[in-house]
Amino acid sequence: MALENNDIRYDVDIDLRDSLREIDVLQKRLKGFGDNLEVDAARVQQEMRKAAKSYVDYIRRLESELKSLRAQGKDTSSHEARLSQMRGRQRSASSAAARDWGQGSDGSRASRAVLERELNEMRSTSKQLMGRYFDELNGMHLREVKRSLTDLRAEETLLRSRMQDRADRARMGDAAYGFAKQRERRTLNGGANQLTSQAGIMSNYMMVGGMYGAGFYLGNFIAQLDKEFKQFQAITATTNTEMSIMEDRLISVSEKTKFTALQVSEAATLMGQAGMSAAEVGQAIEPITMLATAAGTDLKEAVDVVTSALNIFNLQASEAGHLSDVFTAALNESKLTLNQLTLALQYAGNIAATAGVSYNELTAAVGALANAGIRSGSTMGTGLRQMLVDLISPSKNLRAEMDRLGLSMADIDIETNGLTGVMVNLRAAGFDTASAFEGLEVRAAAAYTALSNNIDTMANLRQAFILSNAATKANETQMQSLTNTAAKFGSALGSVTYEAFRPFLGVLQEFVNMSADALTVLRNWDYVDELGVVISGLVAGAIIAKLGRLAAGLLGIGTAAKTAAAGVTILNGALRVNPVVLGLATLTAGITALRHYGDAANRTAAQLDQLEAAQNNYQSQIDHTTDRVSSLDDAIEDLIKKQRTLETSGNEMLLQTKIMEVISSFEELAGSVDASSSSVSDLIAAMRELKGEMVAGLPETFDLLVAQIDERIRVLRETIDAQARGDGMATAMIAASGRFGNGGAMYFDQLPMFNEQVEQLFGSRVATAYRATTNQIDPTEIDGQFAQAIQSRIEKMIIDLEGKIRPLEDQAGFLGMGLDENQNAELAQLTQDLNFLKGMSQAFKPIAQNLISLAATEKEREVKVNDQLRSRLQNTEGYARADVLGNEAGGYLSNRLADITRETTSIEDAKLAYDEL
């Protein structure tokens, strides 16, 4: 009510103030009107005086003239009348002037009228304001009375409700009444209030649950990781010092992939169970995690296939990196899966290794079989195994078939020719599918047939495996996804937590161990039962007290949850519209964009990515055309074999059906071949013409493909040169100055002075890396395989130095007080060597990776140029004629063999017919 009264007074005060301002204006105008009246009165008086003086002067002149006329005796009647008239006017002039002044001038009369009108409006406004004020005042009192009556009714309703509550409580009892009120509160406002309160409680539970879950996860992660480390140490019989180095190694590997340190340590344990030492695990674990990330599989499967291959082919652990690259390239370049590869190695690996087949060649053979359409890894493995067995120990049937084809045992010697060489020899001699099933076991014959049709694929895969860093590249690509990046973040968080709590784990372990010993002693105490009863009573009492406090605390949780939910909502809204938050988000996005597009390395990577995309596009076009041409060849060969049957059978429906099947497979033939009127010869001619059109476009596409490869080579060379002149040189200079100089800046002409020292202390390979990174030699002259070997050597030396430094650091203790002078000098020297090698690794590793890519790209160019020349050869008229003659000869031989089989009745006749053919 008071607020409403204030509103009324406020409105009235505003109107009164406006009226007072209007009155002030009217007063000013009235004053101006009075001033005008004063001016007019003064002017009238002045005019009256002038008029009176004029009358007096005129009368005096008349009187003078009248005296003169009388003196002369003239008639004076006219002058007397005139004088009388003027004296009358003089008497009436003052009253006329007063009357004129009273009436005022035209201007004064207009001003007076305006003044009177404004005065009347002011009187009317004042009356209206007073009336409104009294009306509002009466209305205010009326509303106050009505509100008082409403309050009285509300008090009456409340009193009646309380009386009803007391009656209901007395009638229903306290328990039933309490439940009824709870239902009433839950359904208040349609249940909206209850829902809001519950939402706030759920929000708090989720927040607390998330914090508890994160803490529980990290605690469990630390405990499980420590357990896995100890298990690995027990399996590999590793010392504490070696295990400390190994822990750092495994955690470092986990930070480069999507796998956590716990998962990596579990994989290391599996490798230890496979018979690998801790040092071997340290060398092989990173390539295995790269393979698992690239293949999108778990670490267990990757460990299984890599460790199996290492054992089967008797490889060193250092070769696990290249092995992972080979397997990753096989997965990327063929239809092969990691599961198929694992099964194939399981069945054929040992016999292949015994026969002298390398893992490169065996993997290429398995990939070629996968491309041939074989989906089962066990089928691939058993087929290859049986084929190798038959070739190593030929059966009588195989020997007879070899004699028939003029093959010797030297031609199928895998150890001297290799698997690929044996396959080429057999195919060149005419060892076809029929010969395979005649001389080989059924599974071996099936494997040979599939492999002999994909010898080129096998050779290309094997060539691609020689220089490959597919695992590293695939891992980098996989780690660009949000899911894997989030997994990496979780891994890093767990690793950091483990590192932070690693000292505490030892203390906790000792405490738990001592507590366990104490409990063991306590178990043998005579009064342990009495102590248990006392402890149980105390625990039960504590639990009951806790439950009581919990019940009391739950009474206020609804209000608190609602308040918290409202606060969170307000905070969320504030953050959404906060210009600072929006500005930071925009700035972050801008910095990210500038960093992505401004960084030279990113620009180079983007350029290479674009070139590779274009190259893949051209390669896809070539592969599509090649596949279509191959399908056309198979269809033509099939038609030639069936031509005589189709044309001589007299079955027009069969002929038309076959032609329609071919047209449906090659839609380009539609319109040029009529199934109802064309013959098989017409269809074959149309198919050859279509093949010529397809082949004609291959050279141009190969030109574009090779151009893209040349551009990639150019960009890689420029990138390597820029690395050697930029960051690589700066890093190598700092490392060399810290090891051999005074740690300060160096000039370019000082770079060669450390060459001899680097070579003497660290070997020729590290010296080569130093000269390459400091641009003393052209880094592009270093072979890719040699660069890979240099980087591997540097990494191995780093691991060895870390193994030497760790015992000295442990012995040094706090502030290095545990070492003598010689040991301190040794530790300082080893630390300098380690820092130099780490600097060289940082400087040379990017160059080495690009050198490997450069070598692989150059080798790829050689393959594509050969394919390009082959495509040009296919477009020559001689090749086309030879192709036609080959098809016709094949068809003729096929038909003649069918005739011989059909016409001869005895073996002697058949032999004579074959000899004649």
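How many helices and strands does the protein chain have? In this predicted model, the protein chain has 34 helices and zero strands, where helices (H or I, at least four residues) and strands (E, at least two) are DSSP runs, numbered from the N terminus. Residues are numbered from 1 along each chain as its sequence is written, and side-chain values use heavy atoms, with hydrogens and water left out. Because this is a predicted model, local features need pLDDT of at least 70 and side-chain atom pairs count only at pLDDT 80 or more, while totals for chains, interfaces and linings use all residues.

The pLDDT is the predictor's confidence in each residue, from 0 to 100. For the protein chain the mean pLDDT is 75, and 72% of its residues reach 70 or more. Two stretches deserve a careful eye. Over residues 1–12 the pLDDT stays under 50, and the model has 13 contacts beyond four places in sequence for them; a contact means heavy atoms within 4.5 Å. Over residues 554–598 the pLDDT also stays under 50, with 17 contacts beyond four places in sequence.

Turning to the chain as a whole, buried residues make up 33% of its 917 residues. Here buried means under 20% relative accessible area, exposed over 50%, and partly exposed in between (1.4 Å probe, protein chains only). Among contacts between residues at least 6 apart in sequence, 72% join residues at least 24 apart. The chain exposes about 53,700 Å², of which carbon and sulfur atoms supply 56%. Accessible areas come from the Shrake-Rupley method with a 1.4 Å probe; for residues, only the protein chains shown count as cover.

V145 lies in helix 3 (residues 106–172) and is partly exposed, with a relative accessible area of 48%.

Charged side chains come next. Side chains of opposite charge can pair when their charged atoms come close. The structure holds 18 salt bridges, a salt bridge being a side-chain nitrogen of Lys or Arg within 4 Å of a carboxyl oxygen of Asp or Glu. One of them joins R717 and E858, at 2.7 Å from N to O. R717 lies in helix 27 (residues 698–725) and E858 in helix 32 (residues 821–874), so the pair ties together parts that are 141 residues apart in sequence. R717 is partly exposed at 33% relative accessible area, and E858 is partly exposed at 28%.

Helix 32 also holds K838, while E802 lies in helix 31 (residues 784–812), so this pair ties together parts that are 36 residues apart in sequence. The closest N and O atoms of the K838 and E802 salt bridge are 3.9 Å apart. K838 is partly exposed, with a relative accessible area of 39%, and E802 is partly exposed, with 28%.

E441 and R443 form another salt bridge, with their closest N and O atoms 3.4 Å apart. E441 is partly exposed at 28% relative accessible area, and R443 is partly exposed at 41%. Finally, R249, K256 and E286 are linked in a network of salt bridges.
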